[in-house]
Each structure stands twice: as structure tokens, then as C-alpha cells.
2 protein chains.
Amino acid sequence: MPVTALIPFRPRNPKTRLSCVLSEKERENLADLMIRDVVAAVSEAGCRPMILSTHPYSLPGIDVEVREAGLNEGLNRFLEEWDDPLLIIMADLPLVDSDAVKRLISTRKKMAIVPGRGGGTNAIYLSKASSFRVDYYGASFLKHTKIARERGLSCQVVDSFRIHTDVDEKEDLVELLIHGTGFSVRYLEELGFSLSIEKGRVGVKREKNGDE
Amino acid sequence: MPVTALIPFRPRNPKTRLSCVLSEKERENLADLMIRDVVAAVSEAGCRPMILSTHPYSLPGIDVEVREAGLNEGLNRFLEEWDDPLLIIMADLPLVDSDAVKRLISTRKKMAIVPGRGGGTNAIYLSKASSFRVDYYGASFLKHTKIARERGLSCQVVDSFRIHTDVDEKEDLVELLIHGTGFSVRYLEELGFSLSIEKGRVGVKREKNGDE
């Protein structure tokens with residue numbers, strides 16, 4: 001039976017820290033394309049993607065469950081009812097590939113985790129979902145490894161920059177432009193984004209549209 | 001024969017972007033302890049560490065070659081003379097562990113590379129060093145993969161956040177405090193650094209010394 005890959009998603013007004021370079025509509029488009037990249041990677045790794053959305057959302061062929069709850073509350077209610085293996089993976093990881101997902105779900109430990117940059121948690125694999133509860137926000141990586149210890153769950157930290165790199169801020173678009181291969185990097189390029197190098201530091205610039 | 005792991009190093013006034021939180025002497029100490037963490041990881045992975053230093057420097061039991069040249073010039077002169085396999089790994093990667101190094105040096109391709117954050121290159125493994133030349137600074141990851149293509153060298157991108165994470169700026173100390181296990185994180189803690197969480201964002205704070 002394939003492992004279910006649960007992807008929490010907020011389709012409305014997402015990625016507000018990118019407001020400096022993207023309009024609300026563009027941020028919604030980018031979020032939609034990033035989750036498609038994640039869906040493609042987990043599917044290729046043999047998982048069954050399922051989206052846990054805060055608002056009505058649809059993606060052809062993919063189960064979407066709408067729960068108007070906070071991230072922790074929505075996920076923990078889901079975990080309680082789920083005795084099978086489960087992968088929880090964030091929607092803003094457009095660099096993820098199937099190899100990284102396979103390393104995660106093939107752990108021999110009770111769970112595996114990939115930290116995000118800045119102390120976050122970008123993916124958790126649980127061999128028995130109901131044995132765990134999540135506590136996102138802040139230094140959630142430390143909270144999740146502590147919960148694992150408290151519950152006696154052996155835990156592997158999986159070493160992947162592709163899952164480690166979430167897209168929240170303008171600087172993160174550098175990573176997407178350099179290492180992306182999917183839908184979302186093509187969209188960024190269509191919007192006129194490219195790398196810029198000033199004083200040896202790599203950033204992004206956006207070509208202005210004709211009328212701007 | 002063990003793979004030589006060449007570690008370029010600048011022991012004098014290093015890591016200037018950390019000047020906001022560390023004195024010059026502290027930056028030198030931190031750089032010295034970070035390279036010890038790298039030396040420990042490559043040694044545990046079965047490599048023979050060798051330091052290519054811009055200034056006189058010594059580490060017990062480790063070969064140090066001093067070349068007063070820029071990074072590219074010093075490395076490329078070294079590469080020309082080296083027909084054997086070689087790992088080039090940066091000195092500011094205190095999260096690196098032996099598993100990540102083993103994945104890198106066990107590639108089946110002619111070379112393997114791990115990108116740094118922001119388009120840099122944090123490690124390159126070459127099955128035949130003299131077949132390559134390096135071009136660091138700016139988006140060096142793109143330059144290095146281009147050089148590989150031009151020279152017909154098959155190249156694997158190794159997916160490791162432990163090698164991806166270099167320590168250049170204050171924000172990078174968050175990663176070291178969370179994921180570090182070696183000499184350099186202990187030094188940071190001795191200096192009074194700890195995590196701080198404000199409005200859900202994780203940063204670092206430094207306890208003031210008594211007299212300050």
C-alpha cells in the first residue's frame with residue numbers, strides 16, 4: 001500500500017513575505033505551482049498525495065480535504081485517526097525530488113524528519129501516524145525531536161537540502177532559480193525573474209513589464 | 001588509498017560578516033574550530049585531510065600547505081598537479097558529518113558537487129583532479145556544473161543540507177546552534193549564544209559578559 005503524503009496548504013493570500021516582489025495573484029499562482037511540484041515528487045516516489053487545505057481547492061486526480069483549522073490543530077486531528085504510515089510534507093518545497101522523498105520514507109526508524117532553514121520542520125515521516133502529534137511554528141524541529149524522545153520514537157534526521165529549502169522570502173527565489181526544475185521555476189522565469197550578481201552576492205531581479 | 005580532502009582556509013581576519021556579533025579574535029577562534037569539525041568529519045569518512053592555507057597555520061597531525069594566492073589561483077595550481085581523486089571542501093561547514101562526505105566520495109560519476117546556499121559551491125569531489133578547474137565566487141555552482149559539461153565530466157549533485165549550510169552571517173548561527181554537534185557549537189555556547197524566538201522567527205542572542 002502506498003504511503004500517504006499529506007500536504008498542508010493555504011491557497012488564499014499565501015507567502016506574504018514575498019509581497020515585495022509578487023502580487024497577491026502571483027503569490028497564489030506560485031503557491032499553486034509549488035504544491036504541484038511537491039505532488040509530482042511524492043507521486044514519483046510512490047506515495048499517494050493528499051492535500052489538507054484551509055480553503056476550497058482542487059487539483060485534478062488528487063484528494064483534497066478542507067479543514068478550516070490552524071496547521072497544528074488540523075494536522076493533529078488528522079493524526080489521531082491515522083494508524084498507518086504517513087508523510088507530512090510542506091507545500092512550499094519546490095526543489096524536492098523523488099530521491100529525497102524515498103530516503104525519508106525508507107528510514108528504519110519509527111520516524112524521520114527533515115529540518116527547514118531557521119529551525120522549522122519541512123517533512124516528517126511517521127511509521128504510525130497516531131503515535132505522534134505535531135507542534136509547528138518557532139523552532140519546531142527541536143520541538144518535534146523532543147516529542148519523539150518523550151514518546152520513545154526512534155528518529156532519523158534526513159540530510160537533504162532539497163527538502164530543507166522552503167520558499168518564504170525573496171532570497172529563497174535564488175535557490176528556486178538555480179536548483180528548480182519543475183512548474184514553479186518556469187513560472188518565475190515567465191514573470192521575468194532572473195539571477196543578479198552584485199559584488200559577488202547572488203540575488204534575483206525582475207524584468208519590468210512593458211508599461212511599468 | 002584514502003581520498004585526499006583539501007580544505008582551503010583563511011585563518012587571518014576570517015568571517016568578516018560575523019563582525020556584528022563576534023570580535024576578530026572570536027572569529028578566528030570560530031574559524032579554527034569550524035575547520036576542526038570539517039577535519040573530523042572527513043577523517044571519519046576515511047579521507048586524508050590537507051589544509052591549503054593563505055597564512056601560516058598548524059593543526060596537530062594534519063598536513064598544511066601555505067599558498068599566498070587567491071582561492072581559485074591556489075586551488076587551480078594544486079589541481080594541475082593532482083591526477084588522483086580529490087575532495088575539495090570548504091572550511092566553514094561545521095554541520096558536515098561523515099555520512100554526507102561518504103555519499104559525496106562514493107559517487108559513480110566523474111565528479112560530485114554540493115551547492116552552498118545562494119549559488120555557491122561547498123564541496124566538489126573529483127575522480128581525477130587534474131581534469132577540472134575551479135571558478136569560485138558569485139554563482140559558482142552554475143559555473144562548476146558548466147565547466148563539467150564543457151569537459152565532458154558526468155556530475156552528480158549531492159543532496160545534503162549539512163554540506164549546503166555554510167556559516168557566513170548571524171542568521172547562519174541559528175543552524176549551527178540547532179544542528180551542530182562538534183567543537184564550534186560548543187564554543188558558541190561558551191560565548192553565551194543561544195536561540196531566541198521573537199514573533200515565531202528563530203534568531204540568536206548573546207548573553208552579555210558581567211562587565212558589559
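**Interface of chain B and chain A**

Between chain B and chain A an area of about 2400 Å² is buried, with carbon and sulfur atoms giving 56% of it. On the chain B side, the residues that lose the most area to chain A are Arg117(B), Asp159(B) and Phe161(B), which together make up 27% of what that side buries. The model is a predicted one, and the contact draws 31 residues from chain B and 31 residues from chain A.

**Polar and charged pairing**

- Across the interface of chain B and chain A, the rule finds six salt bridges, and 14 residue pairs are in polar contact, with both residues at pLDDT 80 or more.
- One of the salt bridges joins the side chains of Arg103(A) and Asp159(B), at 3.5 Å from N to O.

**Elements and composition on the chain B side**

- The elements of chain B that give two or more residues to the side touching chain A are the helices α3 (98-105), α4 (140-150), α5 (161-164) and α6 (172-179), together with the strands β8 (193-198) and β9 (201-206).
- Helix α6(B) gives the most to this side of chain B, with five residues.
- By residue class, the side of chain B that touches chain A divides into 13 nonpolar, nine polar and nine charged residues.

**Asp172(B)**

- Asp172(B) lies in helix α6 of chain B, and this residue counts as buried because its relative accessible area is 6%, under the 20% cut-off.
- Leaving aside residues up to four places away in sequence, Asp172(B) touches Arg117(A), as well as Asp166(B) and Val167(B).

Terms used:
Residues numbered from 1 in each chain as written. Chains lettered and ligands numbered in written order. Predicted model: local features only at pLDDT ≥ 70, side-chain atom pairs only at ≥ 80, totals over all residues. Heavy atoms only, no water. Contact = heavy atoms within 4.5 Å. Buried area = accessible area lost by both parts, 1.4 Å probe. Salt bridge = Lys/Arg side-chain N within 4 Å of Asp/Glu carboxyl O. Polar contact = N/O pair within 3.5 Å; in protein donor to acceptor, adjacent residues only side chain to side chain. Helix = DSSP H or I, 4+ residues; strand = E, 2+ residues; numbered from the N terminus. Nonpolar A, V, L, I, M, F, W, Y, C, P; charged D, E, K, R; others polar. Buried < 20%, exposed > 50% of the residue type's maximum accessible area, 1.4 Å probe, protein only.
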